Amino acid sequence: MIQPLLKDDALLADIAGAGAREPEALHVWWLGQSGFLLECAGARLLLDPYLSDSLTKKYAATDKPHVRMTGRCIDPACLTGVKLVTASHLHTDHLDAETLRPLAFANAGIDLLLPHPIMEEARSRLGDAPVNRIGLDAGESVTAHGWSITAVPAAHNDLKRDGRGRCHYLGFIIRRGGFAIYHSGDTLWHEELLPALLSECPLDLMLLPINGNVPERRVAGNFNGTEAAALARACSARLVVPCHYDMFEFNTVSTAEFAAACARLSQPFQILRCGERLAMPAGAQRTGPSLEAR
């Protein structure tokens with residue numbers, strides 16, 4: 001099994017110390033799959049965390065076992081100082097009760113940003129956990145705990161909408177401290193994506209899945225490495241970081257295609273290990289990708 005670069009107490013120490021040393025920088029930790037912890041100017045935002053073995057247990061006796069490849073980097077009950085969390089869609093590796101319930105109790109409640117159409121299912125999954133659910137649709141924005149977040153439509157695999165036209169799948173453009181970050185959630189290329197993103201460019205950081213769209217896996221797909229690199233280049237991203245790989249054996253890829261495409265397109269990129277931190281210094285959003293991975 002792949003071991004996180006930092007986990008448990010070592011990861012908590014890095015989280016605690018980063019903001020104290022560089023309070024105006026943007027700090028980004030990859031927590032595995034599509035989960036990231038962001039910290040900037042004293043506030044933390046948790047994006048689509050999956051920090052349990054719920055899917056491995058659920059599918060253990062089926063013909064689609066979710067065999068974990070990378071060890072869990074942190075018990076969600078130990079992750080404090082978090083008040084704002086996203087769930088880009090309903091799939092359990094993005095909206096996981098075994099992650100969100102202990103997280104909510106450990107933080108005396110969280111605000112959870114999620115698509116309007118999945119609000120009732122989220123309520124059912126999370127039960128009595130102290131979670132304030134905030135619904136969003138594509139094009140809508142919210143400001144909470146110092147973060148400004150705008151929802152972007154995602155296609156996983158289609159642009160699914162409810163009877164009121166509201167998206168089931170979202171990505172998020174996030175702003176704080178002069179930084180602009182895009183977390184795509186799970187998505188393929190679609191006709192509404194570039195218009196939504198280009199209006200926000202340039203983006204300082206893009207967090208994009210690279211596991212591709214392979215029908216034989218019998219799960220909805222995402223960008224492949226080449227598509228993720230091309231999207232970052234089209235958006236003039238100062239840096240792109242890949243995700244959604246090395247979690248489950250049946251649904252992963254090598255990062256080689258992504259790295260080669262970024263090199264070919266002259267697109268700056270950084271590949272993180274689970275539990276690794278990326279630091280973007282204050283001012284980097286104006287002067288270019290002067291970045292450091294820890």
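Alanine 41 is partly exposed, with a relative accessible area of 34%. In this predicted model, alanine 41 sits in the loop between β2 and β3. Its phi is positive, about 50 degrees, although the residue is not a glycine. Most residues other than glycine have a negative phi, and most peptide bonds are trans. Against that background a few other backbone positions deserve a look. Arginine 218 is not a glycine either, and has a positive phi of about 65 degrees. Arginine 218 belongs to the loop between β11 (205–209) and α6 (225–234), and at 47% relative accessibility it counts as partly exposed. The peptide bond that runs from histidine 156 to asparagine 157 is cis, with omega near 0 degrees. Asparagine 157 is found in the loop between β8 (147–153) and β9 (170–176).

An α-helix has 3.6 residues a turn, so residues three or four places apart point the same way. In α3, the residues Thr99, Leu100, Leu103 and Ala104 are buried. They lie on the same side of α3, because the arc they cover around the axis is only 115 degrees. The cover over these buried residues of α3 includes β3, β4, β5, α4 and β6. Just after α3, alanine 108 takes a positive phi of about 55 degrees.

Helix α4, residues 119–126, has Met119, Ala122 and Leu126 buried. Their arc around the axis is only 60 degrees, so they fall on the same side of α4. Glu120 and Ser124, on the other side of α4, are exposed. The packing partners of the buried residues of α4 are α3 (97–106), β5 (110–115) and β6 (131–136). Just after α4 comes glycine 127, with a positive phi of about 55 degrees.

Charged side chains are the next topic. Side chains of opposite charge can pair when their charged atoms come close. The structure holds 12 salt bridges. One of them joins the side chains of arginine 277 and aspartate 14, at 3.0 Å from N to O. This pair links distant parts of the chain, since arginine 277 is in strand β13 (residues 277–280) and aspartate 14 is in helix α1 (residues 8–21), 263 residues apart. Both arginine 277 and aspartate 14 are buried.

A salt bridge also forms between the side chains of glutamate 39 and arginine 44, at 2.8 Å from N to O. Glutamate 39 is buried, its relative accessible area being 7%. Arginine 44 has 18% relative accessibility and therefore counts as buried, the cut-off being under 20%.

The side chains of aspartate 53 and arginine 68 meet in a further salt bridge, at 2.7 Å from N to O. Aspartate 53 is in the loop between β3 (43–47) and α2 (54–58), and arginine 68 is in the loop between α2 and β4 (84–86), so the pair ties together parts that are 15 residues apart in sequence. Aspartate 53 is partly exposed, with 37% relative accessible area, whereas arginine 68 is buried at 11%.

Rolling a probe the size of a water molecule over the atoms shows where empty space is left. A search of the whole structure finds 1 cavity of 30 Å³ or more. The largest cavity has a volume of about 30 Å³, and its lining includes Arg68 together with Leu31, Gly32, Tyr50 and Met247. By class, that lining divides into 6 nonpolar, 2 polar and 2 charged residues.

The largest pocket has a volume of about 290 Å³. It is lined by 20 residues, and those nearest its centre are Leu55, His66, His91, Asp93 and Val219. The lining of this pocket has 6 nonpolar, 9 polar and 5 charged residues.

Glutamine 33 is placed in the loop between β1 (26–32) and β2 (35–40). It is buried, with a relative accessible area of 2%. From glutamine 33 to leucine 90 the distance is 15 Å, C-alpha to C-alpha, and the two are 57 residues apart in sequence.

Technical notes
Residues numbered from 1 in each chain as written. Predicted model: local features only at pLDDT ≥ 70, side-chain atom pairs only at ≥ 80, totals over all residues. Heavy atoms only, no water. 1 Å grid on protein atoms, 1.4 Å probe; cavity = no way out; pocket = protein on both sides within 12 Å on 5 of 7 lines; lining within 4 Å. Points joined across faces, edges and corners; volume = space filled by probe spheres on them. Nonpolar A, V, L, I, M, F, W, Y, C, P; charged D, E, K, R; others polar. Helix = DSSP H or I, 4+ residues; strand = E, 2+ residues; numbered from the N terminus. Buried < 20%, exposed > 50% of the residue type's maximum accessible area, 1.4 Å probe, protein only. Arc of directions from axis to C-beta. Contact = heavy atoms within 4.5 Å. Salt bridge = Lys/Arg side-chain N within 4 Å of Asp/Glu carboxyl O.
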